[in-house]
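Me: Please take a close look at one part of this model. I would like the strand pairing first, then the packing that surrounds it.

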Amino acid sequence: MKHSAIFVATIAALAQSASAHYIFSKLVVNGEISNDWQYIRQTTRSENYMPTKFTSTFDNLTPNDNDFRCNLGSFTNAAKTEVAEVAAGDSIAMKLFYDASIAHPGPGQVYMSKAPSGNVQQYEGDGEWFKIWEKTICNENGDLTKDAWCTYGMSQFEFEIPANTPAGEYLVRAEHVGLHGAQANEAELFYSCAQIKVTGSGNGSPSLTYKIPGLYNDSMKLFNGLNLWTDSADAIESDILDTPIGDDVWMTGWFAEEDYMLHESSDQH
């Protein structure tokens, strides 16, 4: 009976997933909320809030494709997307379309990538990415299918542009991973890229960077095999650590850089 109940709950969650989709469409700077797609590259999907998955895909897009950087067709809108000016050390936010809130269980993270040419409107995101923010499980004793996750119910991701970020133009990629279908290789990824110009005198250099695609693959249990209805919080946290989502974020300031290097050194002994 227990396994039957779990199966029914899992099927019900998958059936409801279409009504709980979302996408980041607004940038919040100095408390001012932008128009939809003013600073965020708009996808060309007919239903822009649909997720990206490894299997049972929408528009044939998977995390193994180049458009996983900023969403399907979004680079075709890059030139007409404005660039927001933000000072290093400032907090900004990326807000969901239609003032929606996140209704799936799973982690949220934010990555940045500097435009090598200095012009983010011409940058496809094929360079190096680094992580600046993440939220995973906040309450290990909570409901892992709902509000045990920090991001559950959020309408935006608010984060700081690291104070040591060098001046220049960047893509900022907010992403949420819905894990309700991960047991069937159907984790759902929701993401968009904002275009910003960072000002200031930062001279930091992240030591841990990634390529997109290549960030994730479906041999990682977090995306293919994890089951929120049967796995423990400890097991899920271990699965997170086996992916870039479990890596440290790039910290801000000289003291944080020093702490990060000490942490890395201690991990090697």
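Reply:

**Strands and cores**

Strand β1 (residues 24-29) and β2 run antiparallel and are joined by two bridges. Strands (E, at least two residues) and helices (H or I, at least four) are DSSP runs, numbered from the N terminus. Two strands pair if DSSP finds at least two bridges between them. Val29 has Glu32 in β2 as its bridge partner.

This is a predicted model: local features need pLDDT of at least 70, side-chain atom pairs count only at pLDDT 80 or more, and totals for chains, interfaces and linings use all residues. Residues are numbered from 1 along each chain as its sequence is written, and side-chain values use heavy atoms, with hydrogens and water left out.

The sheet is open and has four strands, in the order β2-β1-β4-β7, with antiparallel pairing. β2 (32-33) and β7 (156-160) stand at the edges. Each has a single partner strand, so one side of each lacks a neighbour in the sheet. Strands of a sheet pair through backbone hydrogen bonds, either parallel or antiparallel.

Now the packing. The largest nonpolar core has 35 residues. Such a core is a set of buried Ala, Val, Leu, Ile, Met, Phe, Trp, Tyr and Cys residues joined through side-chain atoms within 4.5 Å. Those with the most contacts inside this core are Trp149, Leu179, Tyr216, Phe223, Ile236 and Ile245. The elements giving it two or more residues are β8, β9 (188-199) and α2 (233-241). A second, separate core has 31 residues, including Met94, Val110, Phe159 and Ile161.

Val177 lies in strand β8 (residues 168-178). Val177 is buried, at a relative accessible area of 0%. Buried means under 20% relative accessible area, exposed over 50%, partly exposed in between (1.4 Å probe, protein chains only). Contact means heavy atoms within 4.5 Å. Pro107 is 70 residues from Val177 in sequence, yet their C-alpha atoms are 5.6 Å apart. Ile245, with neighbours within four places in sequence set aside, contacts residues including Pro107, Val177, Tyr216 and Phe223.

Lys221 sits in the loop between β9 and α2. Lys221 is partly exposed, at 42% relative accessibility. Beyond four places in sequence, Lys221 touches Leu226, Asp231 and Asp239. Lys221 and Ala182 are 39 residues apart along the chain, with 8.1 Å between their C-alpha atoms.
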